[in-house]
Each structure stands twice: as C-alpha cells, then as structure tokens.
Amino acid sequence: MYDLLVVGVGPYGLSIAAHAAAAGLRLAVFGRPMASWRDHMPRGMFLKSEPWASNLSSPEGGRTLERYCAGQGVAARHGEPIPVEMFAAYGLWFARNAVPEVDERTVTRVAARSGGFEVVTEDGEVLHSRTVALAVGVMPFVEVPSVLGDLGPGLVSHSSHHSALDGFRDKDVTVIGGGQAALETAALLAEQGTRARVLARADRLCWNDVPPPWERPWWQSARSPHSGLGCGWRNWFYAERPGLFHRLPETTRARIAATALGPAGAWWVRDRVEGNVEVLLGREVTAAREVAGGVRLEVTDRAGAVRPLETEHVITATGFTAARARLGLLDAELRGALAEMADGSPEIGRDFESSYPGLFLSGLITASGYGPSMRFVHGATYTAEALVRGVRRRLRLRQGVPAEGVLVPGSRAERGVEVRR
C-alpha cells in the first residue's frame with residue numbers, strides 16, 4: 001500500500017513527486033515524463049512564459065531551468081524565449097535528479113476502495129494507495145468545436161495533436177483560434193511553405209507587449225511588478241497568491257479563470273504572422289463537410305453573411321475545457337462522487353484535495369479553484385508544496401477515520417447513494 005500514487009509526469013507531477021519523496025512518503029509515480037511537451041508540441045515552438053517563471057519545484061531548490069540551460073551552454077535570459085525542446089529536456093533532467101524511479105506505464109483506471117484507492121495500469125496490474133494525485137495535464141480536456149466533430153482526424157485535428165507539422169508542407173491549412181497556439185502554429189506552417197491562414201471570432205488579434213527589463217527604476221516596479229504571469233498587480237495576485245485567490249467566491253473564481261489572460265500572441269511571434277499568414281477576423285465556422293481534397297467550411301461573419309472556404313486540413317487551436325466529466329481515468333462511481341462547480345470543473349478544497357477525501361488534483365483542472373497560474377508551469381511550485389502538505393494531513397486523519405460508510409461532503413453518498421471507501 002503506497003502513501004501517495006502520482007498519475008502524470010509533466011511539470012506538476014514531477015514537482016509533486018519531488019516534494020513527496022523529500023517528505024518520506026511511500027511513493028509511486030506513473031506516466032511518460034514530459035509526454036505532452038515531447039509528443040504534443042511541434043518542433044520549433046517556444047515557451048511563452050519567462051524562463052525564470054518556468055521552473056519545476058523541489059524542496060532543496062537549485063534545479064532551475066536557468067541552471068539546466070547553463071549546463072547546456074545556453075543562457076536563459078529574461079525576455080528571451082526558450083525552445084520547447086529544451087524545456088522538455090529540462091523536465092527529463094529534473095526527473096532523473098529529483099524524483100524517484102518513474103514507472104512509464106499508463107494508468108487506465110482509478111477507483112475508490114476501502115482504505116484508499118485501487119489503481120490499474122495498462123497491462124492490468126492492480127496497485128493500492130492511501131491517496132492519489134492526478135497530474136494529467138491538458139490532453140484529457142482538448143476542445144474541438146462541435147461543428148467539426150464529425151470529420152475524421154485526416155481532415156480536422158487539434159493543435160496539441162502534433163509533434164511535427166512536416167506533413168502539411170505545401171498544403172492548404174486553416175487554423176482556428178486567436179491565441180498563442182493558433183498564431184505560433186500558423187507561423188510555423190507558413191515558414192515551412194504551407195498555405196496557412198488563421199480564422200478567429202475576435203475582431204482583432206491581441207499581442208503581448210515586450211516585457212520591461214528585469215532591472216528598472218523602483219517606481220516602475222512598484223507601479224507594475226513582474227510576476228510569473230506578466231507585469232501588473234492583478235497578474236501578480238494570480239501568480240503569487242493562489243491561496244488568497246482560493247478564498248474568493250466561487251462565481252468570481254470561475255469567471256476569472258475563464259477570462260483572465262485571454263487569447264493573445266507572444267510579442268516575438270507577431271512579425272512571423274503579420275504579412276506572412278492570411279488572417280480572417282470576426283468569422284466563425286457554422287458548418288463543415290468533407291469534399292474532394294479536403295474540407296468545405298461555411299464561414300459566417302459579424303453581419304451574418306455566409307461564405308464558403310475550402311481547405312485541405314483544419315487545425316483547431318481552441319483550447320481545453322477542464323470539466324469533471326472528462327476525467328475518464330476515474331471510474332464512474334468515483335467521478336460521480338466529486339462535487340462539481342458551476343463551470344463543470346471539480347470542486348477543489350484545502351490543499352488541492354477534491355471533495356472525495358484522499359483524491360488530489362493539480363494543473364489546469366484546478367484553475368477555477370486556485371487561479372489562472374494553474375494553467376502555466378509557474379503554478380507547479382505552489383501546488384506541489386500545498387498538495388503534499390494536504391496528503392500528509394489526510395494520512396494523519398485516516399489513522400482515526402472509519403474505512404466504511406463515510407459520508408463525503410458534496411458526494412452522492414451525502415445525497416443518499418452509498419459510497420464505499
């Protein structure tokens with residue numbers, strides 16, 4: 001019986017595992033390290049976050065992105081983007097040096113059982129743990145517009161489905177979305193000879209400003225401080241005070257999580273898009289069907305006029321919906337026992353514990369609970385420290401808690417359906 005089993009080995013899972021190991025917990029860690037960064041981001045992409053805001057977390061400190069880059073002969077400087085490939089390599093280096101052995105098998109099911117949880121791996125092995133931390137990243141939450149849902153992967157894909165874009169060379173590709181993923185994907189496509197266009201509902205594209213120098217007059221820093229999510233006091237609050245954010249009313253938290261740091265392109269990708277990529281603004285795809293050679297889109301503008309657009313492939317860069325219903329890794333009984341917020345995400349309580357005792361969540365799925373920083377690597381440091389603290393608290397409580405028939409606040413048991421633990 002493990003004390004903690006971590007599912008997922010991206011920045012959040014690795015940071016949680018490092019802190020759990022240092023706390024002396026009996027630990028198991030499952031997943032392919034940095035899989036999303038290695039397999040679901042095209043070569044040539046860069047981190048949008050500053051290097052100093054992209055560190056993984058270990059209690060002893062020192063295992064920073066800057067240190068790793070220096071070891072590779074590369075300077076990680078403020079205002080200079082880092083290639084995604086280098087960040088993925090940094091994560092692998094962190095895993096080797098800060099985390100106990102990682103089991104690269106995929107976990108296929110997590111279920112509640114007496115005294116904790118039953119976890120099943122892809123080859124059928126069954127393990128048991130008193131607590132579980134899900135660090136599943138963004139891939140379970142991929143969002144593709146329903147109007148495109150009936151078209152196969154040969155015609156429609158999500159931006160996160162590609163580790164390379166070479167297959168689209170000399171083709172015609174339409175990218176849907178107005179954020180960083182859409183704009184950088186379109187730039188990479190255009191640079192390799194693809195006829196690329198961006199189609200977005202917004203009336204204009206938004207671009208992040210070039211960050212101010214790290215060292216600047218005190219009065220400039222006081223007026224608009226640096227933070228892991230950009231400059232300004234509001235961003236500083238989101239980035240540096242997730243615990244206080246968690247105390248805001250639920251409706252306020254959900255609204256901020258959905259709207260803060262809206263779609264925008266990094267300053268360093270702007271020149272690669274403007275003049276090189278066709279941009280169609282104020283338009284929405286309202287119908288789509290397969291035709292010879294690709295897809296025929298019906299595109300509606302703000303005035304209601306509908307125009308056809310034919311393309312060989314559509315890449316949707318339409319983000320992710322972090323809903324409880326998409327946690328397919330959890331068996332139906334456990335998933336249904338999780339209390340749900342109005343936006344469909346699971347309710348997150350103290351120290352990232354879900355409404356089911358012993359099940360902890362991290363990353364994007366917790367953004368409505370702990371703020372926009374949970375959508376970025378920067379949030380991993382706060383999460384790892386708080387979550388492991390919560391695991392230790394839960395383990396202590398379980399020493400005196402009956403194993404059977406416990407009512408979980410907000411669960412189906414509380415509403416009259418028995419939940420066995």
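**Briefing: aromatic pairs, a helix contact and model confidence**

A search of the whole structure finds 15 aromatic pairs, counted where ring centres of Phe, Tyr or Trp (its six-membered ring) lie within 6.5 Å. The structure is a predicted model, in which local features need pLDDT of at least 70 and side-chain atom pairs count only at pLDDT 80 or more, while totals for chains, interfaces and linings use all residues. Residues are numbered from 1 along each chain as its sequence is written, and side-chain values use heavy atoms, without hydrogens and water.

**Aromatic pair**
- Phe352 and Tyr370 are stacked, at 4.0 Å centre to centre and 20° between the planes (stacked: planes under 30 degrees apart; edge-to-face: over 60; tilted: the rest).
- Phe352 lies in the loop between α11 (332-337) and β14 (359-361) and Tyr370 in helix α12 (residues 367-370), so the pair ties together parts 18 residues apart in sequence.

**Helices α1 and α4**
- The axes of α1 (residues 11-22) and α4 (residues 84-98) come within 10 Å and cross at roughly 20° (axes are lines fitted to C-alpha atoms over the stretch in contact).
- This crossing makes α1 roughly parallel to α4 (angles under 35 degrees).
- Pro11, Leu14, Ser15 and Ala18 of α1 meet Phe87, Gly91, Phe94, Ala95 and Ala98 of α4 (contact: heavy atoms within 4.5 Å).
- By class, this contact of α1 with α4 has seven nonpolar, two polar and no charged residues, with Gly counted as polar.

**Confidence**
- The mean pLDDT (the predictor's confidence in each residue, from 0 to 100) of the protein chain is 92, and 95% of its residues reach 70 or more.
- Over residues 402-421 the pLDDT is below 50, and this stretch has 45 contacts in the model beyond near neighbours in sequence.
- Where pLDDT is low, predicted coordinates should not be read in detail.

Notes:
Axes fitted to C-alpha atoms, helices over the stretch in contact; angles between N-to-C directions. Helix = DSSP H or I, 4+ residues; strand = E, 2+ residues; numbered from the N terminus. Parallel < 35°, antiparallel > 145°, perpendicular 65-115°, else oblique.
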